[in-house]
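Student: I would like to learn how to read a structure feature by feature. Please take me through one.

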Amino acid sequence: MFAGILFALAAGLMWGLIFVGPLLIPDYPGTLQSAGRYVAFGLVVLPLAWLDRRRLRQLARKDWIEALKLSLIGNLLYYAFLASAIQRTGAPISTMIIGTLPVVITVTANLCYGHLEGRLPWRKLTPALLIIAVGLACVNAAELQTQGPDFDWSRYLTGLGLAVLAVACWTWYPLRNALWLRAHPQHKPSSWATAQGLVTLPQALVFYLLVCVQLHWQQPEFALPFGPQPQRFLLLMLGIGLICSWLGTLCWNAASQRVPTVIMGPLIVFETLAGLLWTFLWRQSWPPLLTAVGIGCLIVGVIYAMRIKPQPHITAV
């Protein structure tokens, strides 16, 4: 159990770096950063796929199509939305919105799959949702207080919308992924993760090419293919692809093998807290009091929600 919690903490610390990456290269569109990250991730997965080739051959054509959809929505689109949101709203707000994922996933599962695994009583879940809403409001208010007179409301609101789309992508992904794993118990989760990484590479390459074409048309002054800071961009994409996409996932899988499933939900909060930690370290400042209150509300709300036990669905005879 203790080793599992340490693995989850390590995964959260690594995943939290993705909230700082877009701030290090603010001139790069989020779509280009997403494509670059997953090109790097796909290259890292290639040797793993070779080692696991015997199990990968057992996947049917429909399984590869499913892996393609999961990697497109859960990887490329998710990070494109997230990176773009961070550049428009700042990292703390986007991090807090992403931090609602454990509860959003729980609510979605409650609505869509409660008849299979039991429902969470809405009477107990509502207080957690209200606490999280207060936390998000506090962080938004704190960030808005730091803005100057030239604040761009349209850009800010667009960023909030993009962060919500990122949450939608990563709400769909784990639920759909879990359904596939339950329906195919003969396949190892590690092989399925490798398959998703493998199909990510060609998608990311095509995505990168399309983004370059768009940038050449809309911003002809943007240096292609690696932007105005090619060395920083390449090193950052390689680092995020290796540390966040591959090593972070390995640590999370190691934690999942050691920690009961009911505890894994609250441990996702490590990613949110790490994202806020790295963000304020990058800013070289302490979070304002209102932001700290919002963070506390998020932690309390998520842990409160994840401690609610599902009630079995009773079918009338």
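Student: What should I know before I start?

Tutor: This is a predicted model, where local features need pLDDT of at least 70 and side-chain atom pairs count only at pLDDT 80 or more, while totals for chains, interfaces and linings use all residues. Residues are numbered from 1 along each chain as its sequence is written, and side-chain values use heavy atoms, leaving out hydrogens and water.

Student: How is confidence read, and where is it lowest and highest in the protein?

Tutor: pLDDT is the predictor's confidence in each residue, from 0 to 100. The protein has a mean pLDDT of 82, with 90% of its residues at 70 or more. Confidence is lowest in helix 12 (residues 261-267), at a mean of 58. Helix 4 (residues 53-56) has the highest, at 92.

Student: How many helices and strands does the protein have?

Tutor: Both are DSSP runs, numbered from the N terminus: helices are H or I with at least four residues, strands are E with at least two. The count here is 14 helices and zero strands. Take contacts between residues at least 6 apart in sequence: 87% of them join residues at least 24 apart.

Student: What share of the residues is buried?

Tutor: Buried means under 20% relative accessible area, exposed over 50%, and partly exposed in between (1.4 Å probe, protein chains only). Of the 317 residues in the protein, 48% are buried.

Student: Which residues have the most contacts inside the largest nonpolar core?

Tutor: A nonpolar core is a set of buried Ala, Val, Leu, Ile, Met, Phe, Trp, Tyr and Cys residues joined through side-chain atoms within 4.5 Å. The largest one here has 69 residues. Ile18, Leu32, Tyr78, Tyr79, Leu82 and Ile98 have the most contacts inside it. A second, separate core has ten residues, among them Ala49, Leu56, Leu59 and Ala67.

Student: What is tyrosine 79 in contact with?

Tutor: Leave aside its neighbours within four places in sequence. Tyrosine 79 is then in contact with Ile18, Pro22, Gln33, Ser34, Arg37, Tyr38 and Ile240.

Student: How do I describe two packed helices?

Tutor: Use the angle between their axes and the distance between the axes. Axes are lines fitted to C-alpha atoms, for helices over the stretch in contact, and angles run from 0 to 180 degrees between N-to-C directions. The axes of helix 5 (residues 61-89) and helix 6 (residues 91-98) come within 7 Å and cross at roughly 140°. Helix 5 is therefore oblique to helix 6. The cut-offs are under 35 degrees for roughly parallel, over 145 for roughly antiparallel, 65 to 115 for roughly perpendicular, and oblique for the rest.

Student: Which residues of helix 5 and helix 6 meet?

Tutor: Tyr78, Leu82, Ala85, Ile86 and Thr89 in helix 5 meet Ala91, Ile93, Ser94 and Ile98 in helix 6. The residues of this contact are seven nonpolar, two polar and no charged. Here Ala, Val, Leu, Ile, Met, Phe, Trp, Tyr, Cys and Pro count as nonpolar, Asp, Glu, Lys and Arg as charged, and the others, Gly among them, as polar.

Student: What should I look for in the backbone?

Tutor: Most residues other than glycine have a negative phi, and most peptide bonds are trans. The peptide bond from leucine 224 to proline 225 is cis, with omega near 10°. Proline 225 lies in the loop between helix 10 (189-218) and helix 11. Glutamine 284 has a positive phi, near 60°. It sits in the loop between helix 13 (269-283) and helix 14 (289-306).

Student: Is glutamine 284 buried or exposed?

Tutor: Glutamine 284 counts as exposed because its relative accessible area is 73%.

Student: Where is glycine 248, and what does it contact?

Tutor: Glycine 248 is in helix 11 (residues 230-258). It counts as buried because its relative accessibility is 0%. Beyond neighbours within four places in sequence, glycine 248 contacts Ala11, Met14, Trp15 and Ile243. The C-alpha atoms of glycine 248 and glycine 16 are 9.8 Å apart, although 232 residues separate them along the chain.

Student: Where does lysine 69 lie?

Tutor: Lysine 69 lies in helix 5. It is partly exposed, at a relative accessible area of 36%.

Notes:
Contact means heavy atoms within 4.5 Å.
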